[in-house]
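Try each task before reading its solution.

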Amino acid sequence: MLKLYTDAASKGSPGPTGLGALIIANHQQYQLTATMACADNHHGEFAAARFGFQSLLDRFGPQQTVLFYTDSRVLSDAIGKNYTKHYQSELAALNQLIGQFTTVVTQWIPDQQNHGAHHLANQALRTLE
């Protein structure tokens, strides 16, 4: 079983955006960052999730059970309902990745429980300054 925590941090809306993904597998942590030149926070959250799931596929392959944690209500609700009014293309791209795994359980968590991914997103954002 793999645990994935993701977050995004934007400077401005839209603006430069840092993406963070924290993977926990076999009692080891993998801390990953990426950047986007310009995005608002919601687009950043979807991008961070895609980045995280793509990283899982690249490192561990698709035959996995994934516990996915996000502090974005928009993202967690979109995945849970398989619908979003404003981010359909982002959700479709994310669902293509999620669909490759055996099982994915998505859970919204409060900001306080997502410090690792939050820190990574802010670290990535600082590289754009």
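**Exercise 1: A helix and its buried face**

Helix α4, residues 115-126, is 12 residues long and spans 16 Å from its first C-alpha to its last, close to the 16 Å expected at 1.5 Å a residue. The expected span is 1.5 Å times one less than the number of residues, and helices (H or I, at least four residues) and strands (E, at least two) are DSSP runs numbered from the N terminus. The model is a predicted one, in which local features need pLDDT of at least 70 and side-chain atom pairs count only at pLDDT 80 or more, while totals for chains, interfaces and linings use all residues. Residues are numbered from 1 along each chain as its sequence is written, and side-chain values use heavy atoms, with hydrogens and water left out.

*Task.* Find which residues of α4 are buried, and work out why they line one face of the helix.

*Solution.* 
- Step 1. The buried residues in α4 are Ala117, Leu120, Ala121, Ala124 and Leu125. Buried means under 20% relative accessible area, exposed over 50%, and partly exposed in between, with a 1.4 Å probe and protein chains only.
- Step 2. Looking down the axis of α4, these buried residues fall within an arc of 140 degrees, so they line one face. The arc is taken over the directions from the helix axis to the C-beta atoms.

**Exercise 2: Helix α1 and its partners**

*Task.* Describe how α1 crosses α2, then how α1 packs with α3.

*Solution.* 
- Step 1. The axes of α1 (residues 41-60) and α2 (residues 73-81) come within 9 Å and cross at roughly 60 degrees. Axes are lines fitted to C-alpha atoms, for helices over the stretch in contact, with angles from 0 to 180 degrees between N-to-C directions.
- Step 2. That angle makes α1 oblique to α2. Angles under 35 degrees count as roughly parallel, over 145 as roughly antiparallel, 65 to 115 as roughly perpendicular, and the rest as oblique.
- Step 3. On the α1 side, the contact is made by His42, Glu45, Phe46 and Ala49, which meet Val74, Leu75 and Ala78 of α2.
- Step 4. With α3 (residues 88-98), α1 packs at about 20 degrees, the axes being 9 Å apart. The two helices are therefore roughly parallel.
- Step 5. Residues in the contact between α1 and α3 include Phe53 and Leu57 of α1, and Leu94 and Ile98 of α3.

**Exercise 3: Backbone in the loops**

*Task.* Where does a cis peptide bond occur, and what is the phi of Asn26 and of His27?

*Solution.* 
- Step 1. The cis bond joins Ser13 and Pro14, with omega about 5 degrees. Pro14 lies in the loop between β1 and β2.
- Step 2. Phi is near 50 degrees for Asn26 and near 65 degrees for His27.
- Step 3. Asn26 is exposed at 68% relative accessible area, and His27 is exposed at 84%.
- Step 4. For background, most residues other than glycine have a negative phi, and most peptide bonds are trans.

Definitions and conventions
Contact means heavy atoms within 4.5 Å.
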